[in-house]
Amino acid sequence: MTDKSLEKAFAYALKLLAKKDYSVYELTGKLKSYCKNSEEIRNIITRLQELNYQSDARCAEMLVRHYTGSGYGRLKIYFEAKNRGVKQDLISACLEEIGTDWESLARDVLMRKYENPGALDYKEKQKAVAFLVRRGFTPSEALKGLKEAATYAAEED
């Protein structure tokens, strides 16, 4: 590959990273259209890391903050991290650093979705728990979140 095409691939990677953080795995996939040689891709990514433009730790932190802020549970976060090639230990460290109370987050999600979670009948409660599980909460977190939401709603009345 010529120096000019390597510069073009590096510029493309910089353009991508200017918009959002990408993991090494994601960036490698995007650079494959510019570089056919995997060693050239590794060299570009290494250079980006040396310049502190690319960091999997920063990507993990962004992922955790985005998904917890959007009301998703830790299972969804681990799933998304795996799809993006971010190591689980990085995600675990970010989750530990943030220290999210998952039951309270589940409660807050339900409080946004339902006007009065305490007034739900059995079938609606099942749907509420299933909703939380689909968002990446464990079943126990979802049940505790539902109980907290019902208690919180009763206290506000």
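I take helices (H or I, at least four residues) and strands (E, at least two) as DSSP runs, numbered from the N terminus. With that settled, I looked at what follows α4: Gly71 comes after the helix, and its phi is positive, near 85°.

Notes on the source. The model is predicted, so I keep local features only at pLDDT of at least 70 and side-chain atom pairs only at pLDDT 80 or more, while totals for chains, interfaces and linings use all residues. I number residues from 1 along each chain as its sequence is written, and side-chain values use heavy atoms, with hydrogens and water left out.

Helix α4. The 14 residues of α4 should span 20 Å, and the end C-alpha atoms are 20 Å apart, which agrees. At the N-terminal end I found Ser55 as a cap, with a side-chain oxygen 3.3 Å from the backbone nitrogen of Ala57.

An α-helix has 3.6 residues a turn, so residues three or four places apart point the same way.

Nonpolar cores. I define a nonpolar core as a set of buried Ala, Val, Leu, Ile, Met, Phe, Trp, Tyr and Cys residues joined through side-chain atoms within 4.5 Å. The largest has 26 residues, of which Ile77, Val86, Ile91, Leu110 and Leu132 touch the most other members. Two or more residues of this core come from each of α4 (56-69), α5, α6 (88-98), α7 (102-113), α8 (122-134) and α9. Apart from it I noted another core, of 12 residues, among them Leu17, Ile41, Ile44 and Ile45.

Leaving out residues up to four places away in sequence, Leu110 touches Pro117, Ala128, Phe131, Leu132, Gly145, Leu146 and Ala149.

Salt bridges. I counted eight in the structure, each a side-chain nitrogen of Lys or Arg within 4 Å of a carboxyl oxygen of Asp or Glu. One joins the side chains of Glu141 and Arg74 at 2.2 Å, N to O. Glu141 lies in helix α9 (residues 139-156) and Arg74 in helix α5 (residues 74-84), so the pair ties together parts that are 67 residues apart in sequence. Glu141 counts as buried, at 4% relative accessibility, whereas Arg74 counts as partly exposed, at 29%.

Salt bridges that share partners join Lys76, Glu80 and Arg84 into one network.

I also noted the bridge between Arg107 and Asp108, where the closest N and O atoms are 3.0 Å apart. Asp108 counts as partly exposed, at 32% relative accessibility.

Note on methods:
Buried < 20%, exposed > 50% of the residue type's maximum accessible area, 1.4 Å probe, protein only. Contact = heavy atoms within 4.5 Å. Expected span 1.5 Å × (residues − 1). Polar contact = N/O pair within 3.5 Å; in protein donor to acceptor, adjacent residues only side chain to side chain.
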